[in-house]
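Please walk me through this structure. I am new to it and would like a short tour.

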Amino acid sequence: MRTFSFRGKRITVMGLGLHGGGAATVAWLVHCGASMIVTDLKTRNDLRSSLQQLNVKGQMLKVKCVFGRHRKQDFIDTDMVVRNPAVPVESPFLKIAKSHGVPIENEATLFFKYCRSKNIIGVTGTRGKSTTAAMIAAILTPTLP
């Protein structure tokens with residue numbers, strides 16, 4: 001498996017989230033060598049299940065966490081901001097990052113940039129993903145005579 005290097009890069013993840021996507025993104029970026037800051041308006045207690053996902057093989061990943069607030073400096077002194085889908089695009093902190101020339105990504109844009117295959121079908125949304133994915137699979141699966 002090809003790995004991408006973010007060695008020496010400082011990355012801020014805005015919004016760890018509650019459903020695992022943010023934790024998976026953080027874990028992948030750490031694996032690729034990034035120095036991570038996770039910032040979320042929720043408390044450590046609120047994010048307990050997501051934080052447990054950052055415990056890999058009995059050891060917590062090296063991630064600096066800021067909970068219950070965002071700090072302006074975390075959006076300036078960074079090489080990239082990864083925005084959780086729940087974070088509003090109009091966030092003043094994203095505007096700060098943008099005004100300082102910091103690129104803003106999300107889980108999906110990172111996936112599309114670094115996925116080896118370009119033959120990708122994505123299904124997103126709140127409802128109907130399983131049904132839609134099953135229908136796509138049925139369409140793409142060759143039928144036997």
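By class, how many nonpolar, polar and charged residues are in the lining of the largest cavity? The lining has two nonpolar, four polar and two charged residues. Here Ala, Val, Leu, Ile, Met, Phe, Trp, Tyr, Cys and Pro count as nonpolar, Asp, Glu, Lys and Arg as charged, and the others, Gly among them, as polar.

A word on the model comes next. It is predicted: local features need pLDDT of at least 70 and side-chain atom pairs count only at pLDDT 80 or more, while totals for chains, interfaces and linings use all residues. Residues are numbered from 1 along each chain as its sequence is written, and side-chain values use heavy atoms, without hydrogens and water.

Back to the cavity. On a 1 Å grid over the protein atoms alone, a cavity is a set of points where a 1.4 Å probe fits but cannot get out, and lining residues have an atom within 4 Å of a point. Grid points are joined across faces, edges and corners, and a volume is the space filled by probe spheres set on the points. Searching the whole structure gives one cavity of 30 Å³ or more. The largest cavity holds about 30 Å³ of space. Its lining is made by V13, G15, G22, T25, V82, R83, N84 and E107. At least two lining residues come from each of α1 (21-31) and β6 (80-83). Helices (H or I, at least four residues) and strands (E, at least two) are DSSP runs, numbered from the N terminus.

Strand β6 also belongs to a sheet. The sheet is open, has five strands in the order β5-β2-β1-β6-β7, and pairs in parallel. Its edge strands, β5 and β7 (104-105), each pair on one side only. Two strands pair if DSSP finds at least two bridges between them. Between β1 and β6 there are four bridges, in the parallel sense. I11 stands opposite M80 in β6.

Now the aromatic rings. Rings of Phe, Tyr and Trp (its six-membered ring) pair if their centres lie within 6.5 Å; planes under 30 degrees apart count as stacked, over 60 as edge-to-face and the rest as tilted. The whole structure has five aromatic pairs. One of them is F6 and W28, edge-to-face, at 5.7 Å centre to centre and 70 degrees between the planes. F6 lies in the segment before β1 (10-14) and W28 in helix α1, so the pair ties together parts 22 residues apart in sequence. F6, W28 and Y114 form one aromatic cluster.

Technical notes:
1 Å grid on protein atoms, 1.4 Å probe; cavity = no way out; pocket = protein on both sides within 12 Å on 5 of 7 lines; lining within 4 Å.
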